[in-house]
Amino acid sequence: MSSAIEISNLKFSYGQHAILDIDELKVKAGEIVFLYGPSGSGKSTLLELIAGVLRAQGGVLKIGTQNLAELDSAGLDSYRAGNVGYIFQSFNLIPYLSVMENILLPFLFQKTQPDLNEVKNLISDLGLKDHINKPVTELSVGQQQRVAVARALIKKPNIILADEPTSALDYDHREKFLKILFDLCRKNNTTVLFVSHDRSIEKLFDRSISLIEHNRVQFSPTEVS
Amino acid sequence: MTTEYSGKTSGEISWLKLAMKSLANRRLSTLLTVFSMTLSLVLLMTVERVKRAAQDGFTQSISGVDLVVGARTSPLQVILFSVFNIGQPSQNVSIESFNQIKARPEVEWTIPYSLGDGHRGFRVVATNSDFFTHYNFRSKEKIELAEGSPFSGYFDVVIGADVARTLGYKIGSPVVVAHGVTSGPAIQEHEDKPFKVVGIMKPTGTAIDRALYISLEGMEAIHVDWQSGSAPAMGKEIKAESLTAEMLQPKSITSFFLRTKNRIEILNLQRWINEYQEEPLIAAIPGVALSELWNSLSIIDRVLKGISFLVMLVGLFSMLIAIMTSLNERRREMAILRALGASLKNVSGLILFETLILTTSAILLACLIKIILELLLGPWAQSNYGLYLQGAVFSANEIFYITIMFFSALLISLVPAVRAMRSALKDGLSLKV
């Protein structure tokens with residue numbers, strides 16, 4: 001099976017301060033991976049590297065067949081727009097746009113038009129049918145996170161990057177949320193890289209990876225970036 | 001089953017919509033910013049418009065006249081009351097002096113003016129047919145009649161375009177001249193000798209439009225039975241039917257306009273008139289006197305413009321402050337846009353675009369207010385201050401101000417645009433809130 005993410009010898013540091021040095025890490029296409037590590041261990045930095053917002057100082061980072069080091073910044077922006085769906089921990093939505101506008105926001109950055117039928121299906125799969133014209137501020141936190149999922153999935157990205165999106169939800173909602181997310185991703189064979197420090201949900205994933213074990217930079221909790 | 005959202009387009013998204021909704025989200029600061037920018041532009045354009053109208057009024061009301069002659073007073077005075085109906089003449093010029101000066105070989109033509117009476121807020125000018133043949137305004141435009149003919153009988157009156165429009169007069173309308181008033185309500189009226197409208201002038205856009213014109217003999221006729229400025233006693237009135245040409249020979253006029261055959265002779269003739277022995281006279285060169293007046297007024301113009309530019313500066317800075325303070329609150333928003341594929345250029349572009357919307361709305365609003373103000377206040381400025389809002393609505397200067405506003409706003413907005421880009425680069429996606 002082909003790799004969705006392929007990392008070898010990847011190095012990243014902020015100035016003198018080394019953050020990541022990963023020997024090897026591979027995620028298969030369609031795999032749903034739990035990446036855990038304490039706060040400050042470089043999880044978010046790794047997501048930003050994969051999203052193409054940050055640039056590694058050395059090593060190889062391949063997404064599908066594309067080596068991100070070969071792209072210029074405009075190339076990285078359009079790669080991100082087309083291939084990556086990103087879900088934040090919280091405050092995922094633009095507060096002054098409606099639910100529908102938030103979901104369609106990714107189409108600002110690429111010239112493709114949304115397929116209205118698919119949008120419709122996605123919205124009903126996520127149980128947002130009755131809320132699409134509401135201001136997002138009227139939604140519950142759980143509903144807001146489902147809008148974020150819809151927005152991340154709307155362009156059928158190869159990879160979903162999720163940065164602790166369940167931390168604001170209680171346990172029941174967390175499981176429900178993940179089940180919906182995984183079902184939708186499995187349907188489209190979308191790879192998921194989900195980072196968290198909370199290992200209580202680990203069992204729901206195909207595989208879990210400890211970042212500390214893969215990162216050759218020694219983690220010291222005092223140096224929180 | 002039809003779902004709520006089928007076929008609805010309300011969810012469509014565009015940069016314009018994003019920018020508009022973002023501005024609407026910061027409603028108060030957006031409105032205040034647009035308001036202060038609009039205010040500064042309206043101020044600048046109003047000052048400019050008034051200045052333009054005043055300048056046009058001064059330079060266009062009279063042309064082709066070399067000297068304005070009246071009883072001795074200041075040169076500016078004689079021009080102000082003769083041409084613009086501002087102030088009152090104190091003395092008259094005797095008809096003998098007028099005839100003597102008129103007969104001099106340097107003189108090409110003259111136009112006598114006899115002033116002092118009015119009709120319902122407009123002044124009455126007594127003159128002769130030379131007025132219609134020689135009076136020039138703007139650059140060599142002659143007076144033309146829209147209807148009727150110049151006065152020929154004693155009690156004929158030709159009225160200016162504003163008079164006709166304001167009072168709704170037509171050919172044949174009766175006109176009763178008020179004594180001694182050129183503006184405001186009449187105290188004494190010459191109701192025993194009513195005039196009749198025989199001609200209506202085409203609009204000129206100058207003070208000419210705001211007067212009624214009768215013959216010198218007509219002026220003489222309504223005062224023939226008056227004794228030293230007061231109405232005739234009962235039984236002493238002279239009926240209009242019993243007037244003779246002899247009785248109506250004018251004895252004096254208020255002032256007169258003069259054109260020389262050769263411009264070289266102006267200064268000599270002016271000195272000759274100023275040193276005239278028979279009675280104290282003054283000959284004023286309109287261009288010289290008016291430019292003196294204009295220079296003293298232009299200080300006011302400069303002060304007003306200075307203030308308006310300061311207001312523009314305040315407007316621009318309030319925009320800068322409003323956008324800068326919003327940037328910090330919007331870091332999260334920028335991180336979301338970045339995650340969705342926005343480039344750093346997109347982020348700063350969004351800020352620039354928002355400024356563009358603010359500035360454009362301020363400019364459009366200011367232009368709209370300016371046009372409405374001119375429509376509403378134009379007639380008032382015309383009747384109260386003699387300011388005629390003539391010519392193009394937007395002059396080169398006004399377009400220049402708009403351009404300055406537009407480009408300085410865009411230039412200033414580069415500051416928050418660059419700053420938004422820098423903080424988006426630094427924040428990345430993992431901005432902690």
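Modeller: Let us begin with the interface: 25 residues of chain B and 32 residues of chain A take part in the contact, two residues being in contact if their C-beta atoms, placed from the backbone, lie within 7 Å. This is a predicted model, in which local features need pLDDT of at least 70 and side-chain atom pairs count only at pLDDT 80 or more, while totals for chains, interfaces and linings use all residues. Residues are numbered from 1 along each chain as its sequence is written, and chains are lettered from A and ligands numbered from 1 in the order in which they are written.

Colleague: Which elements give two or more residues to the side of chain B that touches chain A?

Modeller: Those elements are helix 1 (15-25) and helix 10 (331-339) of chain B. Helices (H or I, at least four residues) and strands (E, at least two) are DSSP runs, numbered from the N terminus.

Colleague: And what is that side of chain B like by class?

Modeller: The side of chain B that touches chain A has 10 nonpolar, nine polar and six charged residues. Here Ala, Val, Leu, Ile, Met, Phe, Trp, Tyr, Cys and Pro count as nonpolar, Asp, Glu, Lys and Arg as charged, and the others, Gly among them, as polar.

Colleague: Turning to chain A, how many helices and strands does it have?

Modeller: Chain A has seven helices and nine strands. Its radius of gyration is 17 Å, close to the 17 Å that the globule rule gives for 225 residues, so chain A is as compact as a globular protein of that length. The radius is taken over C-alpha atoms, and the rule is 2.2 Å times the number of residues to the power 0.38. The C-alpha trace of chain A spans about 50 × 40 × 35 Å along its principal axes.

Colleague: What share of chain A is buried?

Modeller: Of the 225 residues in chain A, 43% are buried. A residue is buried if 20 or more other C-beta atoms lie within 10 Å of its own, exposed if 12 or fewer, and partly exposed in between, with C-beta atoms placed from the backbone.

Colleague: What is the strand order in the open sheet of four strands in chain A?

Modeller: The order is 2-1-4-5, with antiparallel pairing; two strands pair if DSSP finds at least two bridges between them. Strand 2 (17-28) and strand 5 (66-67) of chain A are the edge strands, each pairing on one side only. Strand 4 (residues 58-63) of chain A pairs with strand 5 of chain A over two bridges, in the antiparallel sense.

Colleague: Where does Lys156(A) lie?

Modeller: Lys156(A) is in the loop between helix 5 (141-153) and strand 7 (159-163) of chain A. Its phi is near 50°, a positive value in a residue other than glycine. Lys156(A) is partly exposed, with 14 other C-beta atoms within 10 Å.

Colleague: Back to chain B. What does the domain assignment give?

Modeller: For chain B it gives domain 1 (15-57 + 295-427) and domain 2 (67-284); such bounds come from an automatic or database domain assignment. The C-alpha centres of domain 1 and domain 2 of chain B lie 50 Å apart. Their contact takes four residues from domain 1 of chain B and five residues from domain 2 of chain B.

Colleague: Is helix 3 of chain B mostly covered or mostly open?

Modeller: Helix 3 (residues 75-83) of chain B is mostly covered, as eight of its nine residues are buried. Among them are Val78(B), Leu80(B) and Phe81(B). The cover includes strand 1 (67-71), strand 3 (107-119) and helix 9 (286-329) of chain B. Asn85(B), with a positive phi near 60°, follows helix 3 of chain B.

Colleague: And which residues of strand 8 of chain B are buried?

Modeller: In strand 8 (residues 156-159) of chain B, Asp156(B) and Val158(B) on one side and Val157(B) and Ile159(B) on the other are all buried, and both faces are covered. Strand 8 of chain B pairs with strand 12 (residues 195-201) of chain B in the parallel sense over four bridges, where Val157(B) has Val197(B) as its bridge partner. Three bridges join strand 8 to strand 13 (residues 211-215) of chain B, and these two run antiparallel. In strand 13 of chain B, the partner of Val157(B) is Ile214(B).
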